[in-house]
Amino acid sequence: MKALAARRHHRLAPVVLLLLALLTTGGVYAALAPSTAKAETVSTADIETGKKLFQANCATCHGANAQGTEGVPSLVGVGAAAVDFQVSTGRMPMQMNGPQAEAKPPQFDKEQTAALSAYVASLGAGPAIPTDEQVDPTQGDPSNGMALFRTNCAMCHNAVGAGGALSEGKFAPALWETSERNIYQAMLTGPQSMPVFNDANITPDEKRDIVSFLVEQREGSAGGNALGALGPVSEGLWAFAIGLGLLIGAAVWIGAKSS
Amino acid sequence: MSTATQDTKHEAPAKPTTTVGKAADYLDQRTSIGVAVKEFARKVFPDHWSFMLGEIALFSFVVLIISGFFLTMFFEPSMALERYEGEHPASMHGQLMSVAFASTLDMSFEVRGGLLMRQIHHWSALIFMASIVVHMMRVFFTGAFRKPREINWIVGILLMILGLAAGFTGYSLPDDVLSGNGLRITDGVVKSIPLVGSFMSYMIFGGEFPGHHIVPRLFTLHIFVVPGILLALIALHLFLMVLQKHTQYPGGGRTDKNVVGYPAAPVYVAKMTGNFFMVFGVLVLMGATMSINNVWNYGPFDPSPVSAGAQPDWYMLFLEGSLRLMPGQGTEWVIFGYTLPLNVLIPAVVIPGILFTFLIVYPFLEARVTGDDREHHVLDRPRNKPARTGLGVAFLTAFIILALAGSNDLIATHFALSINAITWVFRVLFFVGPVFAYYVTKRICLGLQRKDRELVLHGHESGRIVRFANGEYIEVHTPLDEQERWLRVNYDAPAPLTIAPKTDARGVKRKGYGADKRWQGLSRFFYEDRVSPVTPAEVAAAHSHGEHDELTGSEHQAVEAGAGTSREH
């Protein structure tokens, strides 16, 4: 303890303390954070709750019975998967008009989202929320997923899902953070500019392969920092910023002792 | 025998005692290499950090050769198909791919140090081109291309073009989707050339794109033809540099007839060695920590997919941008059944043609409009040639706008902008930007020159305010020392060309008057606006003005004593 006491006035002491505090807070949060709830079965009560939530939060644009209004789509027949995707990624309720609805922290919790999905699903048949097994990346084949992804997805989402631009300010988002379930739902329901890849087009197993490929990409590059996996433009930028920057710095240093 | 007489005249040189000395003496007695070493070691080079930019290019080329040699040990330039049996990366296992692509994966994941070498090689290529461009900027803005170095400037441009060729041929070797997209664009550009295009494309690809020949052909070009010519031209580039002596920055005592600097040995041997290790170290560090061209992200070549964010390496980005900016509608003409695709021809052939032509002809153009055939060994400060500096900045502006246009999708996603709006902004900027950049740069240069004049005539502001007995306030100015003054007054500010009159004494029209008139017009563009250097007479006048008009007798002495400096107004 004596050694510790001797160092308590060291100028790095606050930094060490701060780091310890952050670690403790993070650790406690990780241990106590609410764990994910199990998917519950749909009941009439859920549908009723969902209807109330819908009328309070969604009906302004989508209409009292989800029939849609001018410029806003009807939700009859979109299915639970579409609602779960839009609401759990925070895209709906939409924050403001813009080129496209942006993902943001979700506004509803698990139960509320499930209730909303159940209500919309009750209006007409549509794609259901995929099961955990359907989106399990360990059961997919990343190699087949790569082949499917680059044929169907990479032209908008970039070769490894780093995202890309669409017209007029729209964009295909990066898929690094997207949950396996949301990736699957997006393929199934085709949100916003994205086309629908139904089960005849890409089978459920193939969808899981794609999920598996995307999850594999999150491990990063074998070659070091992936630089955003954006390809030659970011490589060129770093070549100038780091490589040439360091080398010109070195040249100035070596040439410094002169006139 | 003369040796006998010599022996009597001179004392025999001391025998070397160290091992190195003995070895050197052994070699020298048999080859007389000491003469060459003595000559070269004593050669004087001027000193400045910016003279090391070309060295960075040279050393990254050395790293390219060393790492490239390693890569050829494992790369198989074949377009035969095979199924990839390797486990890494999982996304490639079992895929059908060319042997070239499979051997690239193999060298990345199975060969010890293979991925490191690949990445060092690719980063070196990017840094090679980047340092060439920065070196060219130094040469251009300081006027180092002037007589007698025009030929070496052309050699330099050839080196840059060969660098582009080396990069392009190497980039396409792994036979991945991204480089295949690049080859497809090349194919389209070649085919856009009227009449011969299709035949040239068939010749290059050995039939319709992609065929089975392009990878082995590019391999031969990449490891043999292009680096061979590069090496020869680098040798010529350096030989001419040594022969013509290196240019030096302006400064006290430096003229077109001397070289002020240090001897090659030991000063530059040490500095160059240090710089080499810095370059090697930085490139290895980049290769070890930053991934580059992960071809397995794109997968083996297949003509159908193109992924978002498909771009070439940075030095080709201006071509990509040029193609992206060109409107597609209404620019493809069909004449008598022949298609004239101006939407490809203009951005991919005409625009780069104009850019490269500008670089090649500029030294000759400037010499012509300046009416200058003297040798130059002292560099210009960029401000002292406002038109040249302006043109250089305009050129860079056009180049950078094109490169940014080639990245328009990434700009759109990263700055939340509309890609359509970005494209239109760049279309306008491509024409307006360089003109604006030229004007602003030229004005800044003229402003800096006027500031220099002001400094030479009146000295530095010292911040000391002195009040005289009569109530007048003045600020004491510190005169420039000789070195500072030399730097600011020793330059040329050429006037536009003067030409002989239209008619001779008898009123007969002179031949060639029209051409002269046009050259004069161009010369006016360069030199109409100019700030002449301060002459000794002007300095003298400014001094006497300060000393006699405003200060008399005791006042002057008081100021002198107080300021410790002479006063100038």
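This is a predicted model: local features need pLDDT of at least 70, side-chain atom pairs count only at pLDDT 80 or more; totals for chains, interfaces and linings use all residues.
**Entry 1. Confidence, chain A**

Residues are numbered from 1 along each chain as its sequence is written, and chains are lettered from A and ligands numbered from 1 in the order in which they are written.

The mean pLDDT of chain A is 88, with 95% of its residues at 70 or more. I then compared its elements, taking helices (H or I, at least four residues) and strands (E, at least two) as DSSP runs numbered from the N terminus. Confidence in chain A is lowest in helix 1 (residues 2-6), at a mean of 74, and highest in helix 11, at 94.

**Entry 2. Confidence, chain B and overall**

Chain B has a mean pLDDT of 89, and 93% of its residues reach 70 or more. I found pLDDT under 50 over residues 1-7 of chain B, for which the model has one contact beyond four places in sequence. Residues 547-569 of chain B also stay under 50, but there the model has 30 contacts beyond four places in sequence.

**Entry 3. The A-B interface**

I recorded 53 residues of chain A in contact with 59 residues of chain B. Among the elements of chain A that give two or more residues to this side are helix 7 (142-152), helix 10 (204-217) and helix 11 (232-254). Helix 11 of chain A gives the most, with 16 residues. By class, the side of chain A that touches chain B has 31 nonpolar, 18 polar and four charged residues; Ala, Val, Leu, Ile, Met, Phe, Trp, Tyr, Cys and Pro count as nonpolar, Asp, Glu, Lys and Arg as charged, and the others, Gly among them, as polar.

**Entry 4. The largest nonpolar core**

I take a residue as buried if 20 or more other C-beta atoms lie within 10 Å of its own, exposed if 12 or fewer, and partly exposed in between, with C-beta atoms placed from the backbone. A nonpolar core is a set of buried Ala, Val, Leu, Ile, Met, Phe, Trp, Tyr and Cys residues joined through C-beta atoms within 7 Å. Of the 156 residues in the largest such core, A:V120, A:L247 and B:I127 touch the most other members. Its largest share, 15 residues, comes from helix 6 (residues 114-141) of chain B. Beyond its neighbours within four places in sequence, A:V120 is in contact with A:A66, A:L75, A:V78, A:A80 and A:V83.

**Entry 5. Domains**

Domain bounds come from an automatic or database domain assignment. Chain A is given domain 1 (44-123) and domain 2 (137-217), whose C-alpha centres lie 23 Å apart. Their contact takes 13 residues from domain 1 of chain A and twelve residues from domain 2 of chain A.

In chain B the division is domain 1 (15-45) and domain 2 (46-74 + 111-291 + 309-380), with 37 Å between their C-alpha centres. Six residues of domain 1 of chain B are in contact with nine residues of domain 2 of chain B.

**Entry 6. Helix 15 of chain B**

Since 16 of the 21 residues are buried, helix 15 of chain B is largely enclosed by the rest of the structure.

**Entry 7. Single residues**

B:L105, in helix 5 (residues 99-109) of chain B, is buried, with 24 other C-beta atoms within 10 Å. Beyond four places in sequence, B:L105 is in contact with B:Y84, B:G86, B:M92 and B:W296.

The peptide bond from B:H88 to B:P89 is cis, with omega near -15°, and B:P89 lies in the loop between strand 2 (81-83) and strand 3 (96-98) of chain B.

Note on methods: Two residues are in contact if their C-beta atoms, placed from the backbone, lie within 7 Å. pLDDT is the predictor's confidence in each residue, from 0 to 100.
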